Amino acid sequence: MTTSFPFFGYDLVGSPYLLLNLFLTALLVGLVLALLAEDKEMSVRKTVAANVNTPIQVLKALSRDACPSVRLAVAANTSTSADIILQLADDEIGSVSLAA
């Protein structure tokens, strides 16, 4: 049984359009997360910081957030790069530096 995923009349499963669709979806997710990372609400930025799909550049910016709980979420994110972790290890807030 073949699963069909129609997109503007094209069957994306098993076709070159599948890769294009995956690429565009990942790009869109990254853009949305980048926009949400600038939200005024700390809880939104913290959620973005904890998301494993958040682009590294966005995690780097969030690692300098004024709110310690956002920086803590970056430190706990398994997608955070080693250089960001090293930066957070020197954080002035003990819980952030310990999490890094």
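Counting salt bridges in this predicted model, with a side-chain nitrogen of Lys or Arg required within 4 Å of a carboxyl oxygen of Asp or Glu, gives 3 of them. Since the model is predicted, local features need pLDDT of at least 70 and side-chain atom pairs count only at pLDDT 80 or more, while totals for chains, interfaces and linings use all residues. Residues are numbered from 1 along each chain as its sequence is written, and side-chain values use heavy atoms, with hydrogens and water left out.

Take Arg71 and Asp91, where the closest N and O atoms sit 2.6 Å apart. Arg71 belongs to helix H4 and Asp91 to the loop between H5 and helix H6 (94-99), so this pair ties together parts that are 20 residues apart in sequence. Helices here are DSSP runs of H or I with at least four residues, strands are runs of E with at least two, and both are numbered from the N terminus. Both Arg71 and Asp91 are buried, where buried means under 20% relative accessible area, exposed means over 50%, and partly exposed is in between (1.4 Å probe, protein chains only).

Arg45 and Asp65 also pair up, at 2.7 Å from N to O. Arg45 comes from helix H2 and Asp65 from the loop between H3 and H4, 20 residues apart. Arg45 counts as buried because its relative accessible area is 13%, and Asp65 does so because its value is 11%.

Then there is Lys60 with Asp83, at 3.4 Å from N to O. This pair links helix H3 to helix H5 across 23 residues. Lys60 is partly exposed at 33% relative accessible area, and Asp83 is partly exposed at 45%.

On the nonpolar side, a core is a set of buried Ala, Val, Leu, Ile, Met, Phe, Trp, Tyr and Cys residues joined through side-chain atoms within 4.5 Å. The largest such core holds 15 residues, and Val48, Ala49, Leu62, Val74 and Leu88 have the most contacts inside it. At least two core residues come from each of helix H2 (42-50), helix H3 (56-62), helix H4 (68-76) and H5, with H4 giving the most, 4 residues.

With neighbours within four places in sequence set aside, Leu88 is in contact (heavy atoms within 4.5 Å) with Ser63, Arg71, Val74, Ala75, Val96, Ser97 and Ala100. With its own such neighbours set aside, Leu62 touches Ala37, Arg45, Val48, Ala49, Val70, Arg71 and Val74.

Accessible areas come from the Shrake-Rupley method with a 1.4 Å probe, and for residues only the protein chains shown count as cover.

Of its 100 residues, 28% count as buried. The accessible surface comes to about 6600 Å², with 67% belonging to carbon and sulfur atoms.
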